[in-house]
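Keep the coordinates open as you read.

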Amino acid sequence: IGRIQHDFHERILSTTHLHLDHDNCLEVVLLKGLSGKIKQLADELIALKGIKHGQLYRTSTGKNLT
């Protein structure tokens, strides 16, 4: 996860890592940028070995939408 996060450092606003129990963690990554680039990053993270579940949630300010 670290290498990918460093590769996309300009898009990452914040990360939170929470230990749920001895074997499971929750990682939340807040991103900002163009939708396609954010989807690419999410797909790479979700595809990593050891990731049990991943989901991308998107929102917008509404600016520049046509």
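Start with the pocket. Strand β2 gives the largest share of the lining of the largest pocket, seven residues. Helices (H or I, at least four residues) and strands (E, at least two) are DSSP runs, numbered from the N terminus. This is a predicted model, in which local features need pLDDT of at least 70, side-chain atom pairs count only at pLDDT 80 or more, and totals for chains, interfaces and linings use all residues. Residues are numbered from 1 along each chain as its sequence is written, and side-chain values use heavy atoms, with hydrogens and water left out.

The largest pocket holds about 1400 Å³ of space. Its lining has 36 residues, and the closest to the centre are Val29, Leu31, Gln55, Leu56 and Tyr57. A pocket here is an open set of points on a 1 Å grid over the protein atoms alone, where a 1.4 Å probe fits, with protein on both sides within 12 Å along at least five of seven lines; lining residues have an atom within 4 Å of a point. Grid points are joined across faces, edges and corners, and the volume is the space filled by probe spheres set on the points. Both β2 (25–31) and α2 (35–46) supply at least two lining residues. By type, the lining divides into 17 nonpolar, 13 polar and six charged residues. Ala, Val, Leu, Ile, Met, Phe, Trp, Tyr, Cys and Pro count as nonpolar, Asp, Glu, Lys and Arg as charged, and the others, Gly among them, as polar.

Now the whole chain. It has two helices and two strands, in the order α-β-β-α. Its C-alpha atoms fill a box of roughly 45 × 20 × 20 Å along the principal axes.

The strands come next. β1 (residues 12–19) runs antiparallel to β2, and seven bridges join them. Strands pair if DSSP finds at least two bridges between them. Five residues separate β1 and β2 in a hairpin. His19 stands opposite Cys25 in β2, while Ser14 has Leu30 as its bridge partner.

Leu30 also belongs to a nonpolar surface patch of about 550 Å², together with Leu13, Leu18, Leu20, Leu26 and Val28. Patch residues have over 30% relative accessible area and no salt bridge, and nonpolar side chains (Val, Leu, Ile, Met, Phe, Trp, Tyr) are joined within 5 Å. Areas come from the Shrake-Rupley method with a 1.4 Å probe, and for residues only the protein chains shown count as cover. β2 makes the largest share of the patch, three residues.

How many salt bridges are there? The count is one, taking a side-chain nitrogen of Lys or Arg within 4 Å of a carboxyl oxygen of Asp or Glu. Lys39 pairs with Asp43, their closest N and O atoms 2.9 Å apart. Both lie in α2, four residues apart, about one turn of the helix.

Technical notes. Patch = residues over 30% accessible without salt bridge, like charges linked within 9 Å, V, L, I, M, F, W, Y side chains within 5 Å.
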